[in-house]
Amino acid sequence: SVIKRRELSFSYDKLANIYKQTDNIDKAEEIYRKLLVIDERDVKELGTVDSKINLASTYGNLANLYRLQNHLDKAEEFYLKSLIIDEQLVKDTDNIQARQYLAVTYKNLGLIFESKGNIDIAEEYYKKCLAQREIIVEKDLNIENKRSLSRIYGFLCLFYKKTRVFINKAEDFCLKDLTLSESILKDTESVHDRRCVAIVYAQLASILKLRGDLDNAEKSLLQ
């Protein structure tokens, strides 16, 4: 029955995560493959939003395993399977959870293409991730959504910083991250968010130092 399949699916997912956390990657893959059979059947027979989310998640989990093993082509294949579902779910539901899943898949694909040396394609996926994170914050201004947006700003800052050709873009994203991080800190006054602001200032200082602006680099470090 459907209920028994879902119970088995839940057990497989938990077991696969345990194997993954204990670095038993082969067993984790074996269990995820069994889970995949159930999820694909559920989508075929039920076609519900939840069944599609579960299938996309399993595709993504398998892709993550392959990425850990540096099997980049296989990882790309399964991230793209997840992407097809994620994009359709956003079109069909336009809810925040679907956009969050989509943002993660875009970023993961960016990481795959960056690892392959396809920087232009990686950049496009990172930009798509950013677009989803910005839409999410527009729809729901809760702190966790803002933190996720801050993280992608910081990620893009580091991405562009890797080559001095893009140092202006690196600085732009660092400043966006700083503005948002300080806004978050103002709302929470938490130690965690204070530490995040300090990290962004240090990152900005390193960028300014690369540009030869030593005075402002020192000021950023003193913040």
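Me: Why are α1 and α2 called roughly antiparallel to each other?
Reply: Helix α1 (residues 2–21) and helix α2 (residues 25–45) pack at an angle of about 155°, and angles over 145 degrees count as roughly antiparallel; α1 and α2 are therefore roughly antiparallel. Their axes, lines fitted to C-alpha atoms over the stretch in contact, with angles from 0 to 180 degrees between N-to-C directions, lie 8 Å apart. A helix here is a DSSP run (H or I) of at least four residues. The model is predicted, with pLDDT of at least 70 required for local features and 80 or more for side-chain atom pairs, while totals for chains, interfaces and linings use all residues. Residues are numbered from 1 along each chain as its sequence is written, and side-chain values use heavy atoms, without hydrogens or water.

Me: What makes the contact of α1 with α2?
Reply: Contact means heavy atoms within 4.5 Å. Among the residues involved are L8, Y12 and L15 of α1 and I31, L35 and I38 of α2.

Me: Why is S148 called buried?
Reply: The relative accessible area of S148 is 15%, and buried means under 20% (1.4 Å probe, protein chains only); S148 is therefore buried. S148 belongs to helix α7 (residues 143–161).

Me: What makes a polar contact with the side chain of E76?
Reply: The side chain of K116 does, at 2.4 Å; a polar contact is a pair of N or O atoms within 3.5 Å, one able to donate a hydrogen and the other to accept it. E76, in helix α4 (residues 72–93), counts as buried at 16% relative accessibility.

How values were computed:
Helix = DSSP H or I, 4+ residues; strand = E, 2+ residues; numbered from the N terminus. Parallel < 35°, antiparallel > 145°, perpendicular 65-115°, else oblique. Buried < 20%, exposed > 50% of the residue type's maximum accessible area, 1.4 Å probe, protein only.
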